[in-house]
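Have the viewer open as you read.

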Amino acid sequence: RQTDEKILSVKGLEVSFDGFKALRNLDFSLDYGELRFLIGPNGAGKTTLLDVICGKVKPSGGQVLFKDHIDLSKHQEHQIAQLGIGRKFQTPTVFSTLTVFENLALSMKQQRGLLSALWAKTTSEQRERLHLRLSMIGLADKANERAGSLSHGEKQWLEIGMLLMQEADLLLLDEPAAGMTDSETEKTGELLHSIAAQQTVIVVEHDMEFVRRYARTVTVLHEGTVLREGTMQDIQQDDKVAEVYLGR
Ligand code: ADP
């Protein structure tokens, strides 16, 4: 991979819903290994942008390139997941009657189904990967507990672990710390940074305190397009951002 290669490059993106332009002339790009926070007032287009990247919404114009050569607008949602883009919504979707370990094993790419996942058909290389992810998401000591017995925060981490087992290179997370306790929120912030050492992460976030603590680079959307982009410090000092967003 060349050093200037982008994992995601969006140019002139347009999305219309019955004539209403939810996104207009939006440019956005991400380097490999970035942790990018996406903020902006309600209705700014954050969810729509994630929907386009994961293939749920088709653009009416512009270009969305993954790894510089894959045109995402030509792929269906399930193909995009296979290509290595994982989306996590706010509500956890873990299998509550299965254990933490089983949930992760089921998510492994190329896993041929429930039975082989559950009955020891994992190779030692796969088990190694499973244990690596278990400790990364902080659930190593809960591997054999049923997912249904986990706390809200732990379920969210498990779900992030499941995306990582699917070998997602780009993770799209919607308010990953919503509803968490303070200590869970802190662990989530740290988890995002440890993921971004290897994968690339986009986080849509409304909790400005969380953004202030954990964001490196921030993209501010407003009325369907990018208003500003920069470090958290730049964004906090920007008058225009304050005007439309921070309510100063
Ligand atoms: P955000 O996530 O920043 O709050 P959204 O991406 O959800 O913003 O929405 C951007 C705009 O597009 C809003 O005005 C919203 O009402 C509109 N919108 C989103 N999805 C649809 C849809 N399926 N049909 C019609 N309008 C939509």
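Start at the hairpin of S9 and S10: two residues sit between the strands, and Glu223 takes a positive phi near 50°. Keep in mind that this is a predicted model. Leu221 stands opposite Val226 in S10, Val220 has Arg228 in S10 as its bridge partner, and Thr217 stands opposite Thr231 in S10.

Now look at what else S9 pairs with. S3 and S9 run parallel, joined by four bridges, and here Leu38 stands opposite Thr219 in S9. Both kinds of pairing turn up in the open sheet that these strands belong to: six strands in the order S6-S7-S8-S3-S9-S10, with mixed pairing. Strand S6 (85-88) and S10 stand at the edges with a single partner strand each, so one side of each is left without a neighbour in the sheet. From one strand to the next, the twist averages 20°. Helix H7 packs on this sheet, touching strand S3 (35-39), strand S7 (170-174) and strand S8 (200-204), and its direction makes about 145° with that of S8.

There is another open sheet to find. Four strands make it up, in the order S2-S1-S4-S5, and the pairing is antiparallel. S2 and strand S5 (70-71) stand at the edges, and each has a single partner strand, so one side of each is left without a neighbour in the sheet. Strand S1 (residues 6-17) and S2 pair in the antiparallel sense over eight bridges, with Ser16 opposite Lys21 in S2. Helix H1 lies across S1, S2 and strand S4 (61-66), running at about 115° to S1.

H1 and S2 also bring us to the ligand. Which residues surround the ligand? They are Phe17, Phe20, Ala22, Gly40, Asn42, Gly43, Ala44, Gly45, Lys46, Thr47 and Thr48. Strand S2 (20-31) and helix H1 (46-53) each supply at least two residues of this shell, and the largest share, three residues, comes from H1. Sorted by class, the shell around the ligand has four nonpolar, six polar and one charged residues.

How many residues does each domain give to the contact? Domain 1 gives 16 residues and domain 2 gives 17 residues. On the side of domain 1 that touches domain 2, the elements that give two or more residues are helix H6 (152-165) and helix H7 (182-195). H6 contributes the largest share of that side, nine residues. By class, this side of domain 1 has nine nonpolar, three polar and four charged residues. Notice that H7 has turned up in two places: packed on the sheet with S3, S7 and S8, and here on the side of domain 1 that touches domain 2.

Finally, take in the whole chain. It has ten helices and ten strands. The radius of gyration of the chain is 18 Å, close to the 18 Å that the globule rule gives for 248 residues, so the chain is as compact as a globular protein of that length. Along the principal axes, the C-alpha atoms of the chain fill a box of roughly 55 × 40 × 40 Å.

How values were computed
Residues numbered from 1 in each chain as written. Predicted model: local features only at pLDDT ≥ 70, side-chain atom pairs only at ≥ 80, totals over all residues. Contact = placed C-beta atoms within 7 Å. Nonpolar A, V, L, I, M, F, W, Y, C, P; charged D, E, K, R; others polar. Pairing = 2+ DSSP bridges. Near = placed C-beta within 6 Å. Axes fitted to C-alpha atoms, helices over the stretch in contact; angles between N-to-C directions. Rg over C-alpha atoms; globule rule 2.2 N^0.38 Å.
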